[in-house]
Amino acid sequence: FPAPRDEGPPREIQDIRDNSKDGEYWESLARVIPEPTLKLWDALGAALLEYHKVLTRRSELFSEAAALQRQNS
C-alpha cells in the first residue's frame, strides 16, 4: 500500500490561526537595528568608499612612479 501523503494540518486548523498581529510583528522587525546605528553604518560606508578612492589613486601613482624610475635608470 502507498503511504498516505502529508498535506499539512486540516483546513479547519489553518483557518483558526489568529493573524491579527502579523503586521505589527513585521513592522517591529523592520526596526531591529536602531536608527543611530544605521546612520553610523551609512557614514562608515561613505568613508570607506572615499578611502577606497584614495587607495586606488595611490596605487595608480605608485605604478606611475615605478615606470618613471625604470625610464630614469
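Predicted model: local features only at pLDDT ≥ 70, side-chain atom pairs only at ≥ 80, totals over all residues.
Tyr25 is partly exposed, with a relative accessible area of 44%. One aromatic pair was counted in the protein. In that pair, the ring centres of Tyr25 and Trp26 are 5.0 Å apart and the ring planes stand at 75°, so the arrangement is edge-to-face.

Overall, the protein contains three helices and zero strands, and its pattern along the sequence is α-α-α. The accessible surface amounts to about 7400 Å², and carbon and sulfur atoms account for 59% of it. Of the 73 residues, 0% count as buried.

Tyr25 and Trp26 also belong to a nonpolar surface patch of about 910 Å². Two or more patch residues are given by helix 2 (22-30) and by helix 3 (35-72). Helix 3 makes the greatest contribution, with four residues.

Charged side chains were examined next. Three salt bridges were counted in the protein. In one of them, the side chains of Arg31 and Glu27 meet at 3.3 Å, N to O. Arg31 is exposed, at 56% relative accessibility, whereas Glu27 is partly exposed, with a relative accessible area of 47%.

Another salt bridge joins Lys53 to Glu50, with the closest N and O atoms 3.4 Å apart. Lys53 and Glu50 are three residues apart in helix 3, and therefore about one helical turn separates them. Lys53 has a relative accessible area of 52% and is exposed, while Glu50, at 45% relative accessibility, is partly exposed.

A further salt bridge is formed by the side chains of Arg57 and Glu60, at 3.5 Å from N to O. Both residues lie in helix 3, where Arg57 and Glu60 are three residues apart, about one turn of the helix. Arg57 counts as partly exposed at 44% relative accessibility, and Glu60 likewise counts as partly exposed, at 43%.

Methods:
Residues numbered from 1 in each chain as written. Heavy atoms only, no water. Patch = residues over 30% accessible without salt bridge, like charges linked within 9 Å, V, L, I, M, F, W, Y side chains within 5 Å. Areas by Shrake-Rupley, 256 points an atom, 1.4 Å probe, with all protein chains shown as cover. Salt bridge = Lys/Arg side-chain N within 4 Å of Asp/Glu carboxyl O. Buried < 20%, exposed > 50% of the residue type's maximum accessible area, 1.4 Å probe, protein only. Phe/Tyr/Trp six-rings, centres within 6.5 Å; stacked < 30°, edge-to-face > 60°.
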